[in-house]
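Dear colleague,

I am passing on the structure below, and I would be grateful if you could look through it alongside the notes that follow.

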Amino acid sequence: MNAVIYARYSSDRQREESIEGQLRECTDYAMKNNLTLLGTYVDRALSARTADRPDFQRMIADSAKGVFDVVLVWKLDRFSRDRYDSAHYKHVLKKNGVRVISIKENISDGPEGIILESMLEGYAEYYSAELAQKIRRGQHDNAMKCMNNGGNTPLGYYVDKATGRLEVNPETAPYVQELFARYADGERLTVLQAEMEERGLRSKRGNAYSVSVLSNLLKNRKYIGEYKYGDVITPDGIPAIIDKELFERVQMRMAANKKAPARAKAEEEYLLTTKLYCGDCGRLMAGESGKGCKGIVYHYYKCSGAKRRLGCKKKAIKKHWIEETVVKLTVSKVLTDEAINRIADAILVMQEQGDTMTPVLKQQLQQCEAEIRNVMKAIRQGIITETTKECLEDLETQRDSLKASILQLQLERRKFTKEEIVDWISKYKYGNINDLDYRKEIIDTFVNSVFVYDDKLVLTYNYKDGTETLTLQEIESVLSSNLTSMCPPSKTHTERCGFFAWWTIKI
């Protein structure tokens, strides 16, 4: 008879049943029983509580080829510690004419062998569950004391070996403070990541900090002193590196960038991304660029319907002109004493109805609950693995944390007086119109949407009844600009020379 060996090295049980020991004893068994060994299947440091093991699945698939008749295992718990997985895959092997033999457990082929095998598999599953329970209990006890439970140590902290708690690392904590402050002030993650690489900052494993790693770092609530492990959440459980006000500013900017990723990624920042619409078809206008014959780069906004040839004939509009127009009109129309008073009154009413962070958290909560429903649907369909269980636990913990954060915001939300609101808005009245950061603040704070027609602009602002319709003649009188500069260069014809082609541009 032909046989193969399946061996598994458990990450939580590393004693005499090592891979080498299992292979040696299974080989001896095959020789004593006149079995011809064809090969081995080995999974290292993988739990038998899940069947998601590469070589295990390869062995099951190969059994259908009819090449071997027996699978030798050192003990049944090497094959599986989940009795349902064990029964399922043994049934698959049996259909393919393959038996599983445990060389250390003398199990007969009769009815009593079935009972003994069930008992052994049940004990293996019990042992695995009990061990996991003990580990979880120990980790929960640690969590109640705000002790570190393993995993990567966040930048800016170290684990005190005497107490097992996270403490502030005076050498790396300033980098964390700098990252939060600069990102909150408008720096891009790509710039911050490049600077960290230039400074030679590496993780403990020696890896460079990627943009995605920095993004996760900026979301880590440990930096405001919040200890979290599973369902245990302890505010001020560890030393804080960042104050809560700065942390919330960073979260708000990240949430805003998530809504408009194209603007953040573009080399040239298109300030009206997600706010500029085509008056003809109502579709968004997106930022684009093109080169003239002299290599000059032109930036403009173009209707997505015209770009994709969906029937819209709207011409592109110059980026600098429309952004400058919107900012100047906003300053002249919104930042008057009368308008500021109306906005302040509207904000006072709005304070009683909602806030800025709660909608973001509620949206995250909805996404989290949707993911929980998807996992539950998979479980109902029989997809039950260690990964799905862990995923469900993590999502439920995240859901509870979001609910707690929403409740805390509702309890702690600060209300502004009318004087404070007026003072805050009035600071925008005297900014430098040519300063990019000032333009961004004006657009992000006050402008809700801009619809571009051939003969007018319709601007909607972020307060009730804040809509202005202006003809191009009115805009020209306000800005004293030449309206022929609205559109980007037009392409007239193409000339060719050898392998090169260029556009002759008419402005």
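E226 forms a salt bridge with R221, its closest N and O atoms lying 3.1 Å apart, where a salt bridge is taken as a side-chain nitrogen of Lys or Arg within 4 Å of a carboxyl oxygen of Asp or Glu. E226 is buried at 12% relative accessibility, whereas R221, at 25%, is partly exposed; buried here means under 20% relative accessible area, exposed over 50%, and partly exposed in between, with a 1.4 Å probe and protein chains only. Elsewhere, salt bridges that share partners join E178, R182, E187 and E195 into one network.

Please bear in mind that this is a predicted model, in which local features need pLDDT of at least 70 and side-chain atom pairs count only at pLDDT 80 or more, while totals for chains, interfaces and linings use all residues. Residues are numbered from 1 along each chain as its sequence is written, and side-chain values use heavy atoms, with hydrogens and water left out.

Within that network, the side chains of R182 and E178 meet at 2.9 Å, N to O. The two residues are 4 apart in helix α6 (residues 173-184), and are therefore separated by about one helical turn; helices are DSSP runs of H or I with at least four residues, numbered from the N terminus. R182 is buried at 17%, while E178 is partly exposed at 26%.

A further salt bridge joins D62 and K65 (3.2 Å, N to O), pairing a buried D62 at 14% with an exposed K65 at 61%. The search of the whole structure finds 17 salt bridges.
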